Each structure stands twice: as C-alpha cells, then as structure tokens.
Amino acid sequence: MSKPAGDPINDLSAGGLGGFVDIADEALADSVRQGMDRVERLLRESVRSDLEFATRTSLHLVDAGGKRFRPLFTLLAAQFGNPAADEVIKSAAVIEMIHLATLYHDDVMDEATMRRGATSANARWDNSVAILTGDFLFAQASRLIADLGGAAVREMAGTFEALVTGQMRETVGVGEDEDAVEFYLKVIFEKTGSLIATAGRFGAWFSGADEATIDALERIGRIIGTGFQISDDIIDIASPAKESGKTPGTDLREGVRTLPMLYALADPATSPRLRDLLSRPLSEDAEVDEALELLRGSSGLARTRATLDEYADDARKELASLPDVPAREALSMLVDYVVARTR
C-alpha cells in the first residue's frame with residue numbers, strides 16, 4: 001500500500017492553505033497562523049533532551065518541515081470553540097509528535113532513504129537510532145498528553161492501538177476468509193484516518209465545543225484521512241508525473257495492491273493479462289506502463305473514483321451539521337480538494 005497520504009495544507013500566507021483552500025476570513029487565517037506558531041514552538045521545546053544526540057535526531061524531521069496537516073486540522077476543529085486555549089495547542093503538538101514518531105518507524109520498515117527531501121534518519125544514522133528516536137517522540141508526546149487528563153490519555157491509547165494494528169494488518173496480509181476491499185479500507189483508516197480523526201476530536205474537545213460538534217469533527221477527520229489515501233491510490237495510477245509530482249506506478253513496482261487494483265481483481269471482466277501483472281511486483285518499465293494503461297481503462301479505477309465521491313459526500317453531510325462559522329467553509333474546501341486532486 002502507498003505510504004500515508006500526502007499532507008495537503010502547507011501554506012498559511014495570505015490565508016492560503018496549501019494553495020487550494022483560500023481562507024477569505026482574515027480573522028480565521030490569523031488565528032490559525034498564530035496557533036501554528038505556538039505549536040511549532042512547543043514541538044521544538046518538547047523534543048529537547050539532556051542527551052544532545054536525542055535532541056538532534058528528534059529535530060531531524062521537525063526541521064525537515066512537512067505540511068503539518070494534522071495540527072492544522074486540530075486548529076480548524078478548534079474554531080468551533082476557543083481555538084487559543086492552551087489545551088488545544090498542546091493537543092495539536094501531541095498529534096504531530098506522534099505522527100513524526102510513526103515516520104521514523106515507517107522508514108525503518110520500508111528501508112527508506114529519503115523523507116521530506118532529506119536523508120531519512122535510518123539512512124543517516126542506522127535503524128536502531130531511528131527506532132529509538134521514534135520511541136523518544138512517543139515518550140515526549142505521552143508526557144504532554146498526561147497534562148490533558150486521563151480521558152485524553154485513554155483516547156490516545158485507542159489511537160495508538162489503531163496505528164499499530166493497522167501496520168500489523170498490512171504486514172500480515174488479508175486472510176483467506178476476509179474481504180480484500182474491506183480489509184484494505186480498515187488498514188488505511190487505522191494507519192492514516194485514525195490519527196486525523198483524533199486531531200478533529202481533540203481540537204473540538206479542548207476548545208470547549210459541544211459533544212455533537214466534537215463527534216462530527218472526529219467523523220470528518222476519519223473520512224478525510226481515509227479519503228486522502230484513496231485519492232493517493234488514484235493519483236498513483238491516473239496522473240502523469242509532471243502533473244502530480246509523483247512517479248506513477250510506485251505501488252505496482254512494490255507489488256502492493258491498492259483499492260483500484262483490488263476492485264479490478266474483483267471484476268470477472270478484468271483481463272487475464274492485467275491479473276497476471278497485478279500478481280507480482282513489476283521491475284520492467286514496459287510492464288509498469290502496460291499495467292497502468294490497463295488499470296486506467298479498468299472498472300477498478302472508475303469504481304475507486306465512485307468510492308472517493310461517496311466519502312466526500314459523507315464528509316459534506318457531517319459538515320452540514322456543524323455551526324455556520326468560517327472554519328466550516330475551510331473544511332468544506334478541503335473535502336472538495338480531496339476529490340479535485342484526482343481529476
């Protein structure tokens with residue numbers, strides 16, 4: 001499966017969020033900017049240790065940047081209450097620290113050499129250092145979340161469980177008696193959607209929003225997180241490299257079956273040739289190109305687009321239940337982008 005979906009929000013200048021969500025409300029844009037500045041400061045303070053080497057390895061990915069989608073989503077969710085509350089900022093930093101910790105561990109498992117345009121920690125040092133750095137970040141995140149109370153600790157424990165079981169499911173693979181599509185959707189929720197769902201819940205919760213709003217923003221996070229992975233699956237097949245900025249067919253080369261492939265394999269009309277190509281990792285460029293061409297014309301890709309549209313519709317229904325504040329429009333534009341980026 002593809003790595004967790006790319007984070008879309010990366011530019012808070014002039015009210016813009018990643019170039020696709022333009023916050024027209026200046027007060028909202030300013031609030032989110034100020035919140036992110038506070039989160040960044042807390043992140044850097046929290047990864048410091050008496051052991052200078054631990055500080056240096058932890059700051060390796062913090063300094064590499066990234067789009068900070070998860071804390072930004074937390075701050076947008078907090079706009080339905082008091083977004084400046086200290087607990088909101090602390091919870092947003094916790095979410096990002098946990099995300100960073102999983103990246104250190106993912107790079108070891110994937111034997112990655114690059115992360116966010118920089119040499120990955122496992123390549124720069126070694127696997128042991130990368131694993132221990134991830135563990136250090138988990139520890140620091142746990143220290144912060146303890147300040148937020150026992151209920152928050154229990155919520156995050158459930159998210160930890162989802163992150164781990166999602167990775168374990170992917171590693172072990174689908175069982176003979178399991179539906180491959182349902183299994184895949186479960187994995188991408190656990191690996192990607194679960195933490196974004198918690199970001200939505202924490203932002204609303206610690207801002208003082210009402211319970212209905214908290215629950216809705218958690219569900220929206222779940223939908224958006226899962227939807228981004230589905231959209232990445234589509235992009236890996238359907239978008240030329242010069243448009244997407246990614247090399248098409250990465251999953252095919254790794255022998256990973258993503259949602260369009262699973263749908264194609266479930267269709268009796270799918271050609272024997274495509275079934276053969278999807279049965280193994282592809283190392284030859286010609287075979288990758290052939291598989292991409294067949295997938296682009298398959299029912300699998302069309303059905304995946306329809307599934308993504310369903311996720312977007314579900315998110316819009318949840319958004320309609322929220323109070324009519326500027327943050328709701330920003331979240332609506334984000335949902336639209338999840339779909340638009342695949343067209």
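Residues are numbered from 1 along each chain as its sequence is written, and side-chain values use heavy atoms, with hydrogens and water left out. Because the model is predicted, local features need pLDDT of at least 70 and side-chain atom pairs count only at pLDDT 80 or more, while totals for chains, interfaces and linings use all residues.

**Core**

The largest nonpolar core has 93 residues. Such a core is a set of buried Ala, Val, Leu, Ile, Met, Phe, Trp, Tyr and Cys residues joined through side-chain atoms within 4.5 Å; buried means under 20% relative accessible area with a 1.4 Å probe, protein chains only. Phe-73, Ile-98, Leu-217, Ile-224, Leu-252 and Leu-295 touch the most other members. Helix α4 gives the largest share of this core, 13 residues. Helices are DSSP runs (H or I, at least four residues), numbered from the N terminus.

Leu-295 is in contact (heavy atoms within 4.5 Å) with Ile-237, Leu-252, Pro-260, Met-261, Ala-264, Leu-274, Leu-278 and Leu-301, leaving aside neighbours within four places in sequence.

**Pocket and cavity**

On a 1 Å grid over the protein atoms alone, a cavity is a set of points where a 1.4 Å probe fits but cannot get out. A pocket is an open set with protein on both sides within 12 Å along at least five of seven lines. Lining residues have an atom within 4 Å of a point. Grid points are joined across faces, edges and corners, and a volume is the space filled by probe spheres set on the points.

The whole structure holds 3 cavities of 30 Å³ or more.

| Space | Volume | Largest share of lining |
|---|---|---|
| Second largest pocket | About 280 Å³ | α4, 5 residues |
| Largest cavity | About 50 Å³ | α15, 4 residues |

The second largest pocket has 15 lining residues. Thr-102, Asp-106, Leu-163, Val-164 and Gln-167 lie nearest its centre. By class, its lining has 7 nonpolar, 5 polar and 3 charged residues. Here Ala, Val, Leu, Ile, Met, Phe, Trp, Tyr, Cys and Pro count as nonpolar, Asp, Glu, Lys and Arg as charged, and the others, Gly among them, as polar.

The lining of the largest cavity includes Ile-224, Gly-227, Tyr-311 and Val-335. It divides into 8 nonpolar, 1 polar and no charged residues.

**Helix α6**

Helix α6 (residues 127-146) has 20 residues and reaches 29 Å from its first C-alpha to its last. That is close to the 28 Å expected at 1.5 Å a residue, taken as 1.5 Å times one less than the number of residues. Its buried residues include Val-129, Phe-136 and Ile-145.

How values were computed: Helices (H or I, at least four residues) and strands (E, at least two) are DSSP runs, numbered from the N terminus. Buried means under 20% relative accessible area, exposed over 50%, partly exposed in between (1.4 Å probe, protein chains only).
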